[in-house]
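Colleague: I would like to go through how such features are read. Please start with a helix pair.

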Amino acid sequence: MNNDIRFPANFLWGATTAAYQIEGAWNEDGKGESIWDRFVRRPGVIIDGSTGDVACDHYHRYVEDLDHMAALGLKAYRFSIAWPRIFPTGSGQPNQRGLDFYRRLIDGLHQRNIAPVATLYHWDLPQALEDRGGWTNRDTALRFAEYADYLFRRIGGEVALWATHNEPFIQAFYGYGNGENAPGKRSPWQVLKVVHHLLLSHGLAVSAFRATKPQPARTDLPPSQIGIVMMIWPHYPASDHPADRKAAQRIDGVMNRLFLEPLFRRRYPADLVAHFARRLIFAPVKPGDMEIIGQPIDFLGINTYTRLFHAFNWREPFLLTKQVPGPLPKTAMGWEIYPDCIIEALQKAREYTSIPLYITENGAAFDDPPPDPADQVVEDPDRVAYLRSHIEACRRALAAGCDLRGYFVWTLMDNFEWAKGLSKRFGIIYTDYATQRRVWKRSAHVYRDIIARNGL
């Protein structure tokens, strides 16, 4: 039996981070306030009381972090650009110092032969725009298009893959629905408005990209491409009862189909439209909007970590569901370890599109031990097993004919995990927040070896 399992020669092995989670420097060099800068200062909203003010101090330590990426052998690095670092109030005069930081980062990636993969929006809206309604305001989509156009014109050709948004479901339902994330609004009657404006802003940014036609910064680089990153998780009923099956279908609807159908079929799912209409919740669709949202893109990024089980719950009037734990072992987030989430997420995407796919986030939080000052490695056997099994699922998807172009581990290093603060560690590199010392975990060594042999 041949145990040396290879991936395609051009398979893109990467790691992913997000600006607010790693950069720190929250008010330096002209950066404006974001909704997360404001949100973390509300008592009790972050489980450990921490903030992203410093996080991993990547803004000042990015060269060290680039060297770690090079030592890992990464083929690509997916990061997000902080909108308020470029436009401190969301629009108006751009901040050159903010752009300069990302130029230095991108230049450093090119020098190390690592492809830059940039996300325009990973949930850090300029607070000045939130003060005017945020994503409930259609004007925010127009300001996003201006922000995107500026970046495409200034650095568009230097980035291999551009993603407009990361997981718009989370911004809509956790930011404006249940208030767990910034801006912390509990306005479920406004979620479809937020969803629609996020998707509209995506379409407007794609239009700007097509109009700009960014050219590669070097003759040896391929043309830049544009897409979006979606959260696609499989959903199962907690039992065979028809009500539980309906609950699972509804959650599949709001997490997956509510975004995939407008992107690839230029419509919202009829069952969800009816469900929300009975609650007097409507998407503010104007003529031409769906054509803007559904215009062709070059790739689809998929973030997937687990599967979820759902039961009917009449006490929850908004979605009529509750989540039920699955039977398999769990991560420190309480997420079931289910490698076939990769296969099933890719299959869900394939129901809608034949464009190239990337796994743009996959990884696990575990309770990693702190390193001894003399340690050269943090042992994390559970994460090693998680990564190997999920990368093997990618291999099976490829063997079945899926056009999967790359895999990005979440995440490069431990960082600020949103409402969980610094309490959850997803990194393959350990971050000592007191000293900002980075220590490779065993999973980093294993991932380096997988990349080096291009397979398991």
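Colleague: Which residues in α13 meet which residues in α14?

Modeller: This is a predicted model, where local features need pLDDT of at least 70, side-chain atom pairs count only at pLDDT 80 or more, and totals for chains, interfaces and linings use all residues. Residues are numbered from 1 along each chain as its sequence is written, and side-chain values use heavy atoms, with hydrogens and water left out. Contact means heavy atoms within 4.5 Å. Here Cys341, Ile342, Ile343 and Leu346 of α13 meet His390, Ala393, Cys394, Arg396 and Ala397 of α14. Helices (H or I, at least four residues) and strands (E, at least two) are DSSP runs, numbered from the N terminus.

Colleague: At what angle do α13 and α14 pack?

Modeller: Axes are lines fitted to C-alpha atoms, for helices over the stretch in contact, and angles run from 0 to 180 degrees between N-to-C directions. Helix α13 (residues 341–350) and helix α14 (residues 381–399) pack at about 40°, their axes 8 Å apart.

Colleague: Is Leu66 buried or exposed?

Modeller: Buried means under 20% relative accessible area, exposed over 50%, partly exposed in between (1.4 Å probe, protein chains only). Leu66 has 1% relative accessibility and therefore counts as buried. Leu66 belongs to helix α3 (residues 58–72). Beyond its neighbours within four places in sequence, Leu66 contacts Leu105, Gly108, Leu109 and Arg112.

Colleague: In what order do the three strands form the open sheet?

Modeller: Two strands pair if DSSP finds at least two bridges between them. The order is β6-β8-β9, with mixed pairing. β6 and strand β8 (residues 308–312) pair in the parallel sense over three bridges.
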